[in-house]
Amino acid sequence: MDEALWAFGRASGAVSLALFTLSVVLGILVRSGRPLLVLPRFAVTLVHRNVALFALIFLGLHVGTLMLDPYAQLRLVDVVVPFLGAVKPFWQGLGTVALDLAAAVVATSLLRRRLGPGIFRAVHWLTYVLWPVALLHAVGNGTDGTSKWFLLLALAAAAAVGGAGLWRLSPRFLESARLRQEEAS
Amino acid sequence: MSAATGPEPAGHLHINWTRCDGRGICTELLPSLLIRDDWGYPLAADPELAEKSRIPFGRASERDVADAVALCPRLALTVLRPR
């Protein structure tokens, strides 16, 4: 049973990270205002949100199983306060930081209408901190974190988010940019 | 188009132009009420409409309007109900 919790705790963490990676890339696509192949814009928004929700479910399973697991020695305080862990406190603490940031992003997303677009967007920007911190946590804390296959996957994920981030910063990022810029010049 | 909404609209869709960025989600969800202008911004499909930021909608559009309001990335849409 202990082995099962340990294995599930690790696997759910990896799945959560993969889903978060997809959600970040989709979120950047949402911001561009572009449809994706056969998906209209509103559907891309919904897929972004639902993939993020699945990532959170696996994040909950990841933390929940490892709290019951005797190897991880995770206490309740480690879920909220980073860097106090019994095992690899720094790398585990990065996971806690990512969890806290995720909680802030979720709370402001759910309360978006009450908080207004300014606060929502400002807190949503924390995703750009959340994601790399989560990736570092996976590499530094994961049992397979520094194995070759995981590093290759991590590199692919970093390339996907990094590529999307570079596209985000490019002048032609917004769907409407071309038309509105041509009009202005 | 105004005939589709009937004589007594279920409500009005209000567009906050300060917030609107023309991301195109409402024009996808409400093709009978809104069209997209050349810059991506929503425009009343009914050219006769006097108030451009207060679009009447009928009971049939109720769900699509609710979706558009919920999904607007800039929170630029609100529903106004008759008092």
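Predicted model: local features only at pLDDT ≥ 70, side-chain atom pairs only at ≥ 80, totals over all residues.

Trainee: How many helices and strands does the secondary structure of chain A come to?

Mentor: Nine helices and zero strands. From the N terminus on, the order reads α-α-α-α-α-α-α-α-α.

Trainee: What does the C-alpha trace of chain A span along its principal axes?

Mentor: About 65 × 40 × 30 Å. Chain A has 185 residues, and 39% of them are buried.

Trainee: Let's go inside. How many residues are in the largest nonpolar core?

Mentor: It has 36 residues. A:L17, A:L59, A:V63, A:L130 and A:W131 have the most contacts inside it.

Trainee: Which helices of chain A each supply at least two residues of this core?

Mentor: α1 (2-32), α2 (41-68), α4 (89-110), α7 (127-141) and α8 (148-169) of chain A. The largest share is from α1(A), with eight residues.

Trainee: Switching to rings. How many aromatic pairs are there over all chains?

Mentor: A search of the whole structure finds five. Take A:W167 and A:F173: their ring centres are 4.7 Å apart and their planes are at 75 degrees, so this pair is edge-to-face.

Trainee: Why does that angle make it edge-to-face?

Mentor: Because the planes are at 75 degrees, and the cut-off for edge-to-face is over 60.

Trainee: And A:F173, buried or exposed?

Mentor: A:F173 is buried, at 2% relative accessible area.

Trainee: Which residues form one aromatic cluster with A:F83?

Mentor: A:F90 and A:W91 form one cluster with A:F83. A:F83 itself is in the loop between α3 (76-80) and α4 of chain A. Its relative accessibility is 40%, so A:F83 counts as partly exposed.

Trainee: What is phi of A:F83 near?

Mentor: It is near 70 degrees. That is a positive value in a residue other than glycine. A:K88 also has a positive phi, near 40 degrees, and A:K88 is not glycine either.

Trainee: Where does A:K88 lie?

Mentor: In the loop between α3 and α4 of chain A. A:K88 counts as partly exposed, at 40% relative accessibility.

Trainee: New topic: pockets. How much space lies in the largest pocket?

Mentor: About 1100 Å³. The lining of the largest pocket has 35 residues. A:H48, A:S109, A:R112, A:F120 and A:H124 lie nearest its centre.

Trainee: Which elements give two or more residues to that lining?

Mentor: In chain A, they are α1, α2, α4, α5 (112-115), α6 (117-124) and α7. From chain B there is α3 (62-71).

Trainee: Back to A:R112. Which ring face does A:R112 lie over?

Mentor: The face of A:F120, at 5.3 Å from the ring centre.

Trainee: How many cavities of 30 Å³ or more does the structure hold?

Mentor: Three. The largest cavity has a volume of about 110 Å³. It is lined by 15 residues, and B:C20, B:R23, B:C26, B:C72 and B:P73 are the closest to its centre.

Trainee: Staying in chain B, where is B:S61?

Mentor: B:S61 is in the loop between β4 (54-57) and α3 of chain B. B:S61 is buried, with a relative accessible area of 13%. Leaving aside neighbours within four places in sequence, B:S61 is in contact with B:S32 and B:L33.

Trainee: Last one. Where does A:A160 lie?

Mentor: A:A160 lies in helix α8 of chain A. A:A160 counts as partly exposed, at 33% relative accessibility. From C-alpha to C-alpha, A:A160 and A:A55 are 17 Å apart in space, and they are 105 residues apart in sequence.

Key: Residues numbered from 1 in each chain as written. Chains lettered and ligands numbered in written order. Heavy atoms only, no water. Phe/Tyr/Trp six-rings, centres within 6.5 Å; stacked < 30°, edge-to-face > 60°. Buried < 20%, exposed > 50% of the residue type's maximum accessible area, 1.4 Å probe, protein only. Lys NZ or Arg CZ within 6 Å of the ring centre and 35° of its normal. Core = buried A, V, L, I, M, F, W, Y, C linked by side-chain atoms within 4.5 Å. Helix = DSSP H or I, 4+ residues; strand = E, 2+ residues; numbered from the N terminus. 1 Å grid on protein atoms, 1.4 Å probe; cavity = no way out; pocket = protein on both sides within 12 Å on 5 of 7 lines; lining within 4 Å. Points joined across faces, edges and corners; volume = space filled by probe spheres on them. Contact = heavy atoms within 4.5 Å.
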